[in-house]
Structure formats: structure tokens, C-alpha cells
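Here are my notes on this one, point by point. Have a look at the model alongside them.

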Amino acid sequence: MTDVMETSCDGVLLQPLRPGDAGAMSTTTLPHTPSPLGSDTGAAVRLNELRRTYGTGADAYEAVRGLDLEVERGSVLALLGVNGAGKTSTLEVVEGLAPATSGSVEVLGLDPVEDRAAVRRRTGVLLQHSGFAADLTVTETVELWAGLVTDARPVEEALAEVDLGGRADVAVRDLSGGEQRRLDLACSLLGRPELVMLDEPTTGLDPESRRRVWALLQRLRDAGTTILLTTHYLEEAEVLADRIAIMAAGRVVREGTPDELAASLPATISFTTPRGPDGPVVVPPLGAGRRTDRDRTVVETDDLQVTLTSLLTWAAHEGIRLEALDARQATLESVFLDVARVAADAGETHPSTYPASQPEDLR
Amino acid sequence: MTTDTLSPRTTPTPPTPPSSRPSTSPWRDGVRRTRALSGANVRLMRRNRLTTLYAFVVPLTPLVLIAFADGSTAAAAAGAGSVLLLALVFPVYYTVLSMLVTRRDELVLKRLRTGEVRDREVVASLALPGTVVAAVVMAVAVAIGLPTGLPFPTNLPLYVVTVLAGAGMFTAFALWTASFTRTAENAQITSMPVILLASAGTLAPSLPDRAAEVLSWTPMAALDTLQRVAWFGLDTDGGSVGFAGSWAEAGQPLVVLAVWSVLAVDLARRTMRWEPRS
Ligand SMILES: Nc1ncnc2c1ncn2[C@@H]1O[C@H](COP(=O)(O)OP(=O)(O)OP(=O)(O)O)[C@@H](O)[C@H]1O
Ligand SMILES: [Mg+2]
């Protein structure tokens, strides 16, 4: 999270629209000719106007509705969103498990369906739900996967990395849910992938195992691996991700570094509303939003320092003591909840009405 | 217990850049993957009591029919039909069906399909163990028959083709059956139509002409005719033919087999599901 300091924080980052992309609706407009090996440069994943529809006719349901996303090589991108936002549906297209209904998909400069063999050798996938033959042991499972990837890492090394060395001879059916998850992760990483796609890698893990997986993913990233993951743990996104994309109703509606996202909502200052001889004291406007919440006054501001200074100056001047004073930046959680609330308000009936860009009135 | 395995931390090896990934032949890779998966499937078959019974024990039982045929070609030919029927229905058809449904239920198939392995390799690895069992059983049948005076197959290539083509067709039937089989237990019921169709076919030689005529168009009847002519040089009227004549006799049943195979493969392709119905 230190590197965000260098990034300018002005404005809210939205979908990375490139010049000339505005309004481009079809895949065919991309002048990309993949080389057989794919390129070593450029974004690791590039999705453009991606759509994915389940079923046909009256039963058709569009789970991904024009999604744009880019994952830089060597970076970690966390995809967030409420249940049903379309994270898994999107990942499955990137993984090459399902074709896009429309839009373009580029993985390591290649098409995951057309260039399947080349892409699969260089990517590692962890599905939301693990899939194991219950009767095989841990070692047998990893050995099987070692036989399925080109140039596999040693089995013991892969197991040690996810702390399963001591469970090597246990049948998969006897593993705990968290152990199965880590076994699955070991299989995903067996072929030294350049890009890994992890759908809720730490769901079901205890806090200790989760932190170990975080450490593992950080080491992978430090070694140069690109990671695209989904999670419902906002702390996980904050700890791991260089960039975070929040999905709602099949689209990315917020995108940026964790700090940029937090800066997209106003900071809040709150304190117990002071009482003078004539009742509650009303705070002057201070150039920021102001409301009362039961016995507290809440001030919202885009510039915490300036507003806080004016508030404190005013209080000192008036000789007022601000009890239980609290000043805080918006958190990723508040951004997430804001997205979820707006999406819910837009309603299931008109999901496409979700504002694709940040409302201007926050400025 | 785990703490000692944790430290020192292994540093993950950096991802292999595309330029230094070993170049291998797609064909060799495919064989390697199919072998790895088949090996795991054999292991899983042996760990499940029912699959062990169906895949390795049941197909051996009708071999007594060959042993007790006492060198009689007619009795042995009828027995060999049962040997072939059981060798294809249980190790191949039923085993592929139940393994496919189980692996699908466990989400193993979906997980496999995220990796390098191809769909056809997954299917091949399910069918291979049973096909090998069927081939071995048919070879053992010949070996048992020789000392009792039964002939060595008149047309060995045709004999081999019969077993392999039969295994291929029953694999396709298994893939199709899996599309309407929800669980492995369910397979006991959903497999009945194909098993009945197959069993009916072997009755053809012992039925009146009209019924035999109709039944001769079923897949198992074609396979039975083929094994009779390939092993014993018997034509459909009970006469005997040599190597050259056996090819001519094989024409009609081979066409029947091909038609059923095309139908089965087409059904399988159109209905194949890789993950449980949501
Ligand atoms: N096979 C399917 N057929 C029809 N609709 C589906 C199918 N799979 C998913 N959907 C629908 O698509 C939408 C997006 O689902 P998806 O699994 O991508 O969400 P998600 O963001 O991964 O959610 P979660 O956080 O719960 O995993 C949901 O409304 C879901 O009901
Ligand atoms: Mg999901």
C-alpha cells in the first residue's frame, strides 16, 4: 500500500477506457494479432465490453453486461462485488471455460479459447468450488496434477508451500474444508504459472491460514506472478491488491488503488453535538456537507485537513469542547456498501441503470 | 505438528517466462496426460468396491462357458458372445458411466477442464482401463479355449477390431447415459435401456428367423456376429468361412456397428455435461 503514495489521488478512477475506445461495441475492432507464444508485454488480462449470457430465449440471463477490465503484468487485482454481481461468470471467461457472448478477451496477449494450449500452459486457475476425487490421497492428487501440467514443480515443494506436508497421505475426503482449499491452491500453482486466477481463494479458511495464503500470494507477486482474484474479505483486497475493481450487476463500477477508492467517497468528521444555553449549537457550514445523526453532528468533506482545521479553529474561537470527536477517511468497506446500496436501489428490474461513472456531486 | 513444516519458508519459484518454457510435442503431451489420468482412474476403480466388482470380477465369470464348452464350436461361440457382452457392458459401459457421473458430481471434471488436459483425453482416460480389461478378457478366452481344442481366431485383426470398436461404442453410450443420470446410484436404473438392448442382441442366434432378423440390427447382435466369424470362422447360417471369407461376412455387422457408433457419438456430443446440473 506504500506505492500508492506516488500515484496521484485526484479524481476517481473508473474503467480504464483508452482513447478511441468510447463506444466501441464489438470485438472485431481490436487490431490485435496474437503471436503463437503471446506477447511478454502489455496487460496480462484485457477485457473489453465483455458480455456473458446464460441460457437462451425467455430463460436468458445476462450475468456480465459490458465489462471492461485490465490487469497489469506482475500486479494483483482484486475483483469485489456482492453475491451474483458476476465475478465468477467473468472469471470463467478469462479462464477459457466459457466463451464470451460478445466483447473481447485477451489473456497474456492470446485468446483463451482459440489459443487454449498456449494459454493453459501459462495460467493457473482456482475455481470457487474445489473439485477432487475423494478417494485419492493428498500426494496422489498433486501427483495426478503434476502429470497434467507441462513442467510441474516437485510435489513435496508444492505441498510444503501450502502447509500440507504433514497431511500428504491423508485421503482428500478426510481433509478439512480449509485444507482442501489449500490443496486446490497447490494444484493451481503447480505449473509455475505467469498468471493465476483465484476465485475466492480464502473462503472457508481460518484467519491464520488465510494470512498464510496472503503471505504465499505476496511472495508469488514479488516473484513476478500476475494475480487476478475475487474475494468477499475487504481486508484481503486491501492487503493484497494493487488495484481493486468493484462489480455490480455485471459491470465494473469502481476501479482504482485501495486509497483511490477510499478517496472517492467523502471523509467524515463527527462529534457529540455541543449544547449551549439555548440548546444544541449549530456548526457553521465550513464548506462541507453537514447533518445530525441523533445526538451527533456529522460533517462530510472531500478535504479532511481543511475542514477539520476550520472546525477546530471555530470550536477554539467559540470556546466549545467537541466531545467524542472522530475524523476518518472513507474506507473500502464504505465504498463497497455504497456500490451495493446503489445497485440494490437501481433494482433487479433495471440493473443496467447503475451509473457507470461516479456522480459528479461529490466534488 | 505443522509448524516445523512451515519454516523456513520456500520462496516460490518465479513463473517460467514463455521463452524458456520447454517446447514439447502436443501428441506426446496428450499421451502423458492421458496416462496420468488413466492411472488415477484405475486407482479409483480399485478403491471402490462396486466398480472393482463390475470392472474386474464380473467380466471373468462367463469365461467358464468357454472352459466347459469342451471344444464344441457351437457352445463356445454362444459362450464367447456372453464373454464379449459382459466385457463391454461392465468394465466399459457401466464403469465409464458411474465414474463419469461421480467425477462430475465431485466437480473433478470441471476442475480438470481448467487445466491443460483436453476433453478427449479425459474421456479416453475414463474408457481406457475398461477397454484394457475387455481386451484382456477376450484374449484370455482364446487362451482358455486352445487346450480344449477351440481354434485360434480365424481373423485376428477383425477380432481385435470387434473388441475395440465395441468398447468405443459403449463408451459413447455411457457418455450419453450420463446426461440423464444424476448420481452414481441412479446409474443402476438409467443404464437399464442400454444393457437390455445389448443383452437382447446376443439372443439373436437362438431365436426364430423373423425375430433374429430384427435383432440382428441391434449393436450387440452385430458384435456377436463379428466375434463368431472372427474367432470361429462361423457365418450366420452356421457354415464356416476362412480368413478371406470372414471379411465378406463381417460387412453387414460392421455397417450396423458403424451406424450405432455414429448415433451414440452424436448423442453423446450433443448431451454431454461436464458439471452437475445447477
Ligand atoms: N449456470 C447458470 N445459469 C443461469 N444463471 C447463472 C448461472 N450461473 C450463474 N448465474 C447467474 O449469474 C449471476 C452471476 O453469477 P456469478 O456466479 O458470476 O456471481 P458472483 O459474483 O461470482 O457471486 P458470488 O459472490 O456469490 O460467488 C447470478 O445472478 C447467477 O444467478
Ligand atoms: Mg462467485
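1. Start with Thr88(A): at 24% relative accessibility it counts as partly exposed, where buried means under 20% relative accessible area, exposed over 50%, and partly exposed in between, with a 1.4 Å probe and protein chains only. A word on conventions: this is a predicted model, where local features need pLDDT of at least 70, side-chain atom pairs count only at pLDDT 80 or more, and totals for chains, interfaces and linings use all residues. Residues are numbered from 1 along each chain as its sequence is written, chains are lettered from A and ligands numbered from 1 in the order in which they are written, and side-chain values use heavy atoms, with hydrogens and water left out.

2. What coordinates the magnesium ion (ligand 2)? Thr88(A) does through OG1, and Gln128(A) through OE1, at 1.9 to 2.1 Å. Thr88(A) lies in helix α1 of chain A and Gln128(A) in the loop between β5 (123–126) and α3 (138–148) of chain A, so the pair ties together parts that are 40 residues apart in sequence. (Helices here are DSSP runs of H or I, at least four residues, and strands are runs of E, at least two, numbered from the N terminus.) Gln128(A) is also partly exposed, at 28% relative accessibility. Donors are N, O and S atoms within 2.8 Å of the metal (3.2 Å for Na, K and Ca), and water is not among the atoms, so sites may look incomplete.

3. Now the largest pocket. Its volume is about 750 Å³, and 28 residues line it. Nearest its centre are Tyr54(A), Thr88(A), Glu92(A), Lys110(B) and Glu275(B). On a 1 Å grid over the protein atoms alone, a pocket is an open set of points where a 1.4 Å probe fits, with protein on both sides within 12 Å along at least five of seven lines; lining residues have an atom within 4 Å of a point. The volume is the space filled by probe spheres set on the points, which are joined across faces, edges and corners.

4. Which element gives the most to that lining? That is α1(A), with 4 residues. In chain A, β1 (45–54), β2 (61–71) and α1 (87–94) each supply at least two.

5. Arg122(A) sits in helix α2 (residues 116–122) of chain A. Is this arginine buried or exposed? Arg122(A) is buried, at 2% relative accessible area. Its side chain makes a polar contact with the side chain of Glu194(A) (2.7 Å). A polar contact is a pair of N or O atoms within 3.5 Å; within protein, one must be able to donate a hydrogen and the other to accept it, and residues adjacent in sequence count only if both atoms are side-chain atoms.

6. Helix α5 (residues 177–188) of chain A is largely enclosed by the rest of the structure, because 10 of its 12 residues are buried. Charged names turn up among the buried ones, including Glu179(A), Arg181(A), Arg182(A) and Asp184(A). Leu189(A), in the loop between α5 and β6 (195–199) of chain A, is buried too, at 2%.

7. Chain B has 13 helices and 0 strands. Of its 278 residues, 48% are buried. Arg270(B) lies in helix α13 (residues 243–271) of chain B and is exposed, at 62% relative accessible area. The side chain of Arg270(B) makes a polar contact with that of Asp266(B) (2.7 Å).
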